[in-house]
Amino acid sequence: SSEIRLAARPHGWPTAETFALAEVSLPDPEPGQLVVRNLFMSVDPYMRGRMNDVKSYVPPFQVGKALEGGAVGEVVTSTVEEFKPGDVVLHGLGWRDTAVVAAKHVVKVDPDLAPLGAYLGVLGMPGLTAYAGLLEVAEFKPGDVVFVSGAAGAVGQIVGQLAKLKGAAKVIGSAGSAEKVAYLTEELGFDAAFNYKDGPVLEQLQAAAPEGIDVYFDNVGGEHLEAAIATLNVHGRVAVCGMISVYNATEATPAPRNLPLIIAKRLTIRGLLVSDHSHLKDEFVADVAPLIASGQLRYSETVVDGLANAPEAFLGMLRGENTGKMLVKINER
Ligand code: NDP
């Protein structure tokens with residue numbers, strides 16, 4: 001079996017040298033464990049943080065050890081009653097061809113209910129992040145003008161559409177290419193969108209929202225957050241979900257430089273961690289699954305083929321090569 005290991009901790013941007021593909025012989029499963037043949041794995045921005053030797057809300061990856069992350073696979077061998085060979089499951093040991101994993105850390109998914117990639121995206125962790133961040137953390141209400149950055153990514157594409165479906169007065173998105181901007185306005189129903197690489201975020205945001213914004217869903221940080229603070233209306237709310245513009249930075253970025261406006265505008269700026277919102281999971285699936293089935297909520301995936309290409313998929317995601325959720329297909333079902 002093969003696995004991808006952290007070969008060296010990156011300083012700044014990860015490179016091909018950050019990763020190593022290794023062959024391993026798998027141990028027999030102990031009582032309580034399953035052997036799972038992985039079908040899809042997720043590459044996520046938070047994995048960049050785990051490559052640093054810093055204690056955070058998840059422990060750092062270990063040099064020389066396999067990386068980890070969300071994956072969907074098929075049970076090959078089971079030592080417990082609850083799982084049978086052929087069951088399709090979601091678990092946390094991606095970055096490998098085959099996982100030997102504790103059954104208590106595995107959940108069954110229904111391969112007939114949704115395409116497998118959805119369990120790592122729209123119906124999985126990124127979808128719940130969008131849902132909890134918009135509704136609970138940003139306290140969205142109908143009539144709000146909503147701005148979301150990273151809008152064509154896994155989380156952002158859901159945030160904007162949910163806001164629209166739940167009665168936003170206007171939804172504005174930013175993303176890093178003309179194709180993504182067209183995806184947002186032409187396919188996902190965003191009212192306005194702009195390419196942040198075309199010019200200052202502040203100018204483009206204020207042109208799109210002359211009335212100001214009420215909610216900012218931040219996936220990016222830096223200049224985007226500064227522009228949002230400048231554009232938010234009094235009592236505006238920010239859900240700080242991610243700051244991908246600084247994950248590879250080697251020095252602190254100056255923006256946002258306008259924090260005193262938080263006082264003048266009585267803004268609420270709240271960090272969000274999806275794991276705090278597991279209580280919303282059932283409600284989220286009950287709310288969102290029918291919207292997907294009816295075609296009211298759309299989503300994209302970008303699928304890279306082959307475990308050996310997972311490092312390139314991860315780097316490509318950091319560079320913005322994905323539209324929607326970035327996935328790696330490891331095996332055919
Ligand atoms: P995406 O699918 O959005 O992929 C990352 C995207 O970030 C890229 O496609 C790229 O798109 C964009 N990007 C990269 N660099 C920059 C930059 N310098 N400035 C602006 N955009 C950039 O990832 P996810 O949807 O999985 O995650 C989105 C954000 O949400 C991340 O910040 C992530 O860390 C965070 N997150 C937080 C969670 C939490 O619990 N707090 C849970 C899940 C995600 P483009 O072409 O537009 O540049």
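This is a predicted model: local features need pLDDT of at least 70, side-chain atom pairs count only at pLDDT 80 or more; totals for chains, interfaces and linings use all residues.
1. Leaving aside residues up to four places away in sequence, Thr253 touches Gly222 and Val246. The residue is found in the loop between β12 and α7. Thr253 is partly exposed, as 15 other C-beta atoms lie within 10 Å. Between the C-alpha atoms of Thr253 and Gly221 the distance in space is 9.6 Å, while the two residues are 32 apart in sequence.

2. The loop between β12 (232-240) and α7 (261-264) also holds Pro256. The peptide bond that leads from Ala255 to Pro256 is cis, and its omega is near 5°.

3. The division of the chain should be noted next. There is a domain 1 (2-121 + 300-329) and a domain 2 (125-276). The C-alpha centres of domain 1 and domain 2 are 28 Å apart. In the contact between them, 16 residues of domain 1 meet 16 residues of domain 2. On the domain 1 side, the residues that touch domain 2 comprise four nonpolar, ten polar and two charged ones.

4. The surroundings of the ligand deserve attention. A total of 30 residues surround the ligand, and the closest are Gly153, Ala154, Gly176, Gly242 and Gly320. By class, the shell contains 17 nonpolar, eleven polar and two charged residues. Domain 1 and domain 2 each supply at least three residues to the shell.

5. Which residues of the largest nonpolar core touch the most other members? They are Leu134, Val146, Phe217 and Val328, in a core of 96 residues. The element that gives the most to this core is α2, with eight residues. The core lies between domain 1 (2-121 + 300-329) and domain 2 (125-276), because both give residues to it. As a general background, nonpolar side chains tend to be buried together in soluble globular proteins.

6. Val146 may be examined in more detail. Apart from residues up to four places away in sequence, Val146 touches Phe140, Ala163, Ala168, Val171, Ile213, Val215 and Phe217. Of these, Phe217 is also named with Val146 among the core residues that touch the most other members.

7. Positive phi values occur at Trp95 and at Glu139, neither of which is a glycine. For Trp95, phi is near 65°, and the residue lies in the loop between β5 (88-91) and β6 (98-102). Is Trp95 buried or exposed? Trp95 is buried, because 29 other C-beta atoms lie within 10 Å, and 20 or more are required for that class. For Glu139, phi is about 50°, and the residue sits in the loop between α2 and β8 (145-148). Glu139 is partly exposed, since 14 other C-beta atoms lie within 10 Å.

8. The length of helix α8 (residues 281-293) can be checked by simple reasoning. At 1.5 Å a residue, its 13 residues should span 18 Å, and its end C-alpha atoms are 18 Å apart, so the two values agree. The expected span is taken as 1.5 Å times one less than the number of residues. Just after α8, Gly295 has a positive phi of about 85°.

Notes:
Residues are numbered from 1 along each chain as its sequence is written. A residue is near a molecule or strand if its C-beta atom, placed from the backbone, lies within 6 Å of it. Ala, Val, Leu, Ile, Met, Phe, Trp, Tyr, Cys and Pro count as nonpolar, Asp, Glu, Lys and Arg as charged, and the others, Gly among them, as polar. Domain bounds come from an automatic or database domain assignment. A nonpolar core is a set of buried Ala, Val, Leu, Ile, Met, Phe, Trp, Tyr and Cys residues joined through C-beta atoms within 7 Å. A residue is buried if 20 or more other C-beta atoms lie within 10 Å of its own, exposed if 12 or fewer, and partly exposed in between; C-beta atoms are placed from the backbone. Helices (H or I, at least four residues) and strands (E, at least two) are DSSP runs, numbered from the N terminus. Two residues are in contact if their C-beta atoms, placed from the backbone, lie within 7 Å.
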